Amino acid sequence: MTAALEVRELYMTFSGVDALSSVSLSVPQGTWMGLIGPNGSGKSTMLNVLSGLYKPRAGAVVVSGSDLGRVPARSRIKHGVCRTFQHPQLAASLTILENVMVGAVRGRGASADDETGLQWLARLGCAEYAEHLPAEVPYGVQKRAEVARALISEPSLLLLDEPAAGLSARERAELVAALREVREVLPDLTLCLVEHDVGLVASVCTELAVLSAGKLIAHGPTDEVLADDAVKLAYLGSRSTT
């Protein structure tokens, strides 16, 4: 079976320093993978490479068998790749529902109607805000609405950039519930989630990939990766004593 995502020997350099160094991994279709690591580990760089915002110095990003090396960021949705941003990128003059429907126009779900948009907002727990402007709704709703906008574009690979950043404990719980609902509705969706909250990632992702200083130090089932001494060392600065 063709992997949903293959990363092959990625290198990304800034001012002579490797932000990513020889990163390779393969993600099967339907896998929810958390991309974690300490500050400065290369997580955001990796997401920007996958989404096409950065062009790597070397290596390849292959989605469902297609090498996206020459595909610009704005065109990657046509290949099934869609992302969100750490800070919601919603149009201030459009209602929450209208913002969601922008995703249908830009993506592969061009035939979607307002009812479909409302269904996605409902699944993400924010349908009651459909006719409100972004400035009129809680921050957590803005972030979940951005996920709805990505999903209505019918991606095969969804990239989430720190969806829990800036959220309260209640909003984080609502986000987790919403993501679990998405996983039930779209079992074939492949997801890459960048997040500092390891507990949140572990609660929704079946696999983890861990970066440290631009290198991939672990990749596999969530429980196994979290028990890995190299991962503990990267986060805590000391190895397990057990």
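In the predicted model, the backbone oxygen of L94 lies 3.1 Å from a polar atom of the N99 side chain, a separation that can be read against the definition of a polar contact as a pair of N or O atoms within 3.5 Å, where, within protein, one atom must be able to donate a hydrogen and the other to accept it, and residues adjacent in sequence count only if both atoms are side-chain atoms. Residues are numbered from 1 along each chain as its sequence is written, and side-chain values use heavy atoms, with hydrogens and water left out. Because the model is predicted, local features need pLDDT of at least 70 and side-chain atom pairs count only at pLDDT 80 or more, whereas totals for chains, interfaces and linings use all residues.

N99 is placed in helix 2 (residues 96-106), helices being DSSP runs of H or I of at least four residues and strands runs of E of at least two, both numbered from the N terminus. With a relative accessible area of 1%, N99 is buried; this term denotes under 20% relative accessible area, exposed denotes over 50%, and partly exposed covers the range in between (1.4 Å probe, protein chains only). When residues up to four places away in sequence are not counted, N99 touches L90, A91, L94, P134 and R149, contact meaning heavy atoms within 4.5 Å.

R149, one of the residues touched by N99, also forms a salt bridge with E146, in which the closest N and O atoms are 3.1 Å apart. A salt bridge is here a side-chain nitrogen of Lys or Arg within 4 Å of a carboxyl oxygen of Asp or Glu, and by this rule the count comes to 7. R149 and E146 both lie in helix 4, 3 residues apart, or about one turn of the helix, and both residues are buried.

A further salt bridge joins the side chains of R144 and E174 at 3.0 Å, N to O. This pair links distant parts of the chain, with R144 in helix 4 (residues 139-151) and E174 in helix 5 (residues 169-185), 30 residues apart. R144 is buried, with a relative accessible area of 5%, while E174 is partly exposed at 28%. The side chain of E174 also meets that of R170 in a salt bridge of 3.4 Å, N to O; these two residues are 4 residues apart in helix 5 and are therefore separated by about one helical turn. R170 is exposed, with a relative accessible area of 65%, and R144, R170 and E174 are linked in a network of salt bridges.

Turning to the sheet, 4 strands form an open arrangement in the order 2-1-4-5 with antiparallel pairing, the edge strands being strand 2 (17-27) and strand 5 (66-67), each of which pairs on one side only. Two strands are taken to pair if DSSP finds at least two bridges between them, and strand 1 and strand 4 (residues 58-63) pair in the antiparallel sense over 5 bridges, with R8 standing opposite A60 in strand 4.

L10 is found in strand 1 (residues 5-14) and counts as buried at 0% relative accessibility. The C-alpha atoms of L10 and L20, which are 10 residues apart along the chain, are separated by 6.5 Å. Beyond residues up to four places away in sequence, L10 touches a set of residues including L20, V23, M46, V49, P56 and A60. Helix 1 (residues 43-51) lies across strand 1, strand 2 and strand 4, running at about 120° to strand 1, where axes are lines fitted to C-alpha atoms, for helices over the stretch in contact, and angles run from 0 to 180 degrees between N-to-C directions.
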